[in-house]
Amino acid sequence: MTTSFDFEKPIADLLQQIEKVQQIAEKTKVDMSGTLEELNQQLNTTREQIYSNLTGWQKVQISRHPERPYTLQYIEMMCQDFIELHGDRTVKDDKAIVGGFASIGGQTVMVIGHQKGTNTKLRQFRNFGMANPEGYRKALRLMKLAEKFNKPVITLIDTPGAFPGLEAEERGQGEAIARNLLEMSVLRVPVICVIIGEGASGGALGIGIGDKVLMLEHSWYSVISPENCSAILWRTWDFKERAAECLKLTADDMLKNRLIDGIIPEPLGGAHYNPAMMGGILKERILKELAELKAKDIDTVVTERIDKFCAMGVVVE
């Protein structure tokens with residue numbers, strides 16, 4: 001494990017033991033298969049125990065794992081013939097949001113998503129996945145292009161939030177996100193949104209209005225991050241674990257509150273343990289949802305989308 005969290009220490013210890021036994025077996029030529037089998041069984045049991053009882057904060061940590069697949073990697077695993085499109089035709093090309101036409105399962109779709117970057121230099125280049133207004137305007141331009149050619153839209157959400165800088169507010173950050181909410185709600189093509197990592201605030205919601213909103217098992221979706229929630233309520237980050245529990249931001253909590261439409265299971269340990277398997281699982285689910293949406297009349301699809309979001313937060317006494 002190149003990167004592990006505190007709660008994964010028992011797993012890291014077992015992996016270290018397995019590595020030592022393998023080294024001893026190679027050096028001494030002694031048959032250690034029995035010991036290795038026992039350690040591997042113990043490893044699988046420990047993984048199942050840990051990952052089936054994660055707290056909200058632990059799921060937040062997994063969603064931020066540096067080896068977790070990002071949008072471009074999912075596109076590479078799921079799609080063929082991806083043609084990236086650039087620019088909002090007003091300011092510039094926001095590198096925090098990528099998008100373009102691609103083929104998935106033999107059908108053309110428009111794929112749009114946040115991209116964080118895989119190393120320090122790329123994270124700076126991608127602005128850590130925090131989009132400026134031009135990023136959301138680029139996303140909207142691509143959605144309208146998909147609507148023009150009657151192609152479904154798939155969005156992959158993974159952002160710590162929209163960029164909060166002064167220049168972003170000067171160029172209309174709030175208006176750009178609000179415009180996307182309005183336009184996506186009446187977009188006359190099927191829209192599938194998947195939270196693949198972090199889904200924070202309006203930065204996530206700006207490309208998150210869809211007929212089907214899905215979450216990966218170890219992702220989170222909330223109006224605010226646990227750290228910022230803790231900073232507002234307690235003036236310190238020390239209560240971030242408590243904030244994560246109070247925010248009810250996990251996929252299970254979101255499904256229970258009927259704010260999403262489904263949960264996509266991840267390989268044991270998270271998507272970063274087996275990206276190829278995760279890509280296959282995600283592709284299969286997207287194709288299934290697309291088939292169901294395409295079988296419906298588009299007027300019905302749009303009406304159901306609007307009704308679903310209008311019903312959120314409504315309390316009947």
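In helix H1, the residues Pro10, Ile11, Leu14, Leu15, Gln17, Ile18, Val21 and Gln22 meet Thr35, Leu36, Leu39, Asn40, Gln42, Leu43, Thr46, Arg47, Ile50 and Tyr51 of helix H2, where contact means heavy atoms within 4.5 Å. By class, this contact comprises 11 nonpolar, 6 polar and 1 charged residues (Ala, Val, Leu, Ile, Met, Phe, Trp, Tyr, Cys and Pro count as nonpolar, Asp, Glu, Lys and Arg as charged, and the others, Gly among them, as polar). The model is a predicted one, in which local features need pLDDT of at least 70 and side-chain atom pairs count only at pLDDT 80 or more, while totals for chains, interfaces and linings use all residues. Residues are numbered from 1 along each chain as its sequence is written, and side-chain values use heavy atoms, with hydrogens and water left out.

H1 spans residues 9–28 and H2 spans residues 33–51, helices being DSSP runs of H or I with at least four residues, numbered from the N terminus. The two helices pack at an angle of about 165 degrees, with their axes 10 Å apart; axes are lines fitted to C-alpha atoms over the stretch in contact, and angles run from 0 to 180 degrees between N-to-C directions. H1 and H2 are therefore roughly antiparallel to each other, a term used for angles over 145 degrees.

The structure holds 21 salt bridges, each defined as a side-chain nitrogen of Lys or Arg within 4 Å of a carboxyl oxygen of Asp or Glu. One of them joins the side chains of Lys59 and Asp252, at 3.8 Å from N to O. Lys59 lies in helix H3 (residues 56–63) and Asp252 in helix H12 (residues 251–256), so the pair ties together parts that are 193 residues apart in sequence. Lys59, at 8% relative accessibility, counts as buried, whereas Asp252, at 47%, counts as partly exposed (buried means under 20% relative accessible area, exposed over 50%, and partly exposed in between, with a 1.4 Å probe and protein chains only).

A further salt bridge is formed by Arg171 and Glu134, whose closest N and O atoms are 2.9 Å apart. Arg171 is found in the loop between helix H7 (166–170) and helix H8 (173–185), and Glu134 in helix H6 (residues 133–148), 37 residues apart. Glu134 is buried, with a relative accessible area of 0%, whereas Arg171 is partly exposed at 27%.

Glu183 and Lys144 also form a salt bridge, with 3.0 Å between the closest N and O atoms. Both residues belong to a network of salt bridges that links Arg137, Lys144, Glu147, Glu175, Arg179 and Glu183.

Methods: Angles under 35 degrees count as roughly parallel, over 145 as roughly antiparallel, 65 to 115 as roughly perpendicular and the rest as oblique.
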